[in-house]
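Visitor: I would like to learn how to read this model. Where do we start?

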Amino acid sequence: MNITAYQIIAPLISFVAVAYAWNLVFRQKKTVWEAILWTVFWSAIAYISIEPDSITYLTKATGIKDRENAVMVTFLGILFFIVFYLIMRLEALEQRQTRLIRKMALHKKGIEVEDEDDER
């Protein structure tokens, strides 16, 4: 088996990306869920770079003949999932911001409201 530069560089970059993600978790800047997704993604990249023939499973599982197309379709699906997850997080942040601004405005006018966040 001939080892190419890509088979050395891609796993190293993957390791750095995973280590960085978990570093952000330990510094409480990212969630564990985000780090797990990041770890799975970069681990898959490293594994595929080391074992390119492992993509053959994707061709059989997806029914797509070419390995390159199977990889593209699979990663597009993963990226769509990630975008969906980010949209959901963004909407939750917008709702929290709206509740906070309303509470601050009512407090400024001297109207006390029950804290809705205590129920969650």
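Guide: Start with a cut-off: a residue is exposed when its relative accessible area is over 50%, and buried when it is under 20%. Keep in mind that the model is predicted.

Visitor: Which exposed residues does H1 carry on the face turned away from its buried side?

Guide: That face carries Ala5, Leu12, Phe15, Val16 and Phe26.

Visitor: And which residues of H1 are buried?

Guide: Gln7, Ala10, Pro11, Ser14, Ala17, Val18, Ala21, Leu24 and Val25. They sit on the same side of H1, because their arc around the axis is only 150 degrees. Helix H2 (32–50) is part of what covers them.

Visitor: What span should H1 have, and what do its end C-alpha atoms show?

Guide: Take 1.5 Å a residue. H1 has 22 residues, 5–26, so it should span 32 Å. Its end C-alpha atoms are 32 Å apart, which agrees. Just after H1, Gln28 has a positive phi of about 60 degrees.

Visitor: Which residues form the largest nonpolar core?

Guide: Such a core joins buried nonpolar residues through side-chain atoms within 4.5 Å. Here the largest has 6 residues: Ile48, Ile55, Leu58, Ala70, Val71 and Phe75. Helix H4 (residues 67–108) gives the largest share, 3 residues. Leaving out residues up to four places away in sequence, Val71 touches Ile55 and Leu58.

Visitor: Where does Ile64 lie?

Guide: In the loop between helix H3 (56–62) and H4. Ile64 counts as partly exposed because its relative accessibility is 24%. Beyond residues up to four places away in sequence, Ile64 touches Thr59, Asn69, Ala70 and Val73.

Key:
Residues are numbered from 1 along each chain as its sequence is written. This is a predicted model: local features need pLDDT of at least 70, side-chain atom pairs count only at pLDDT 80 or more; totals for chains, interfaces and linings use all residues. Side-chain values use heavy atoms; hydrogens and water are left out. Helices (H or I, at least four residues) and strands (E, at least two) are DSSP runs, numbered from the N terminus. The expected span of a helix is 1.5 Å times one less than its number of residues. Buried means under 20% relative accessible area, exposed over 50%, partly exposed in between (1.4 Å probe, protein chains only). The arc is that of the directions from the helix axis to the C-beta atoms. Contact means heavy atoms within 4.5 Å.
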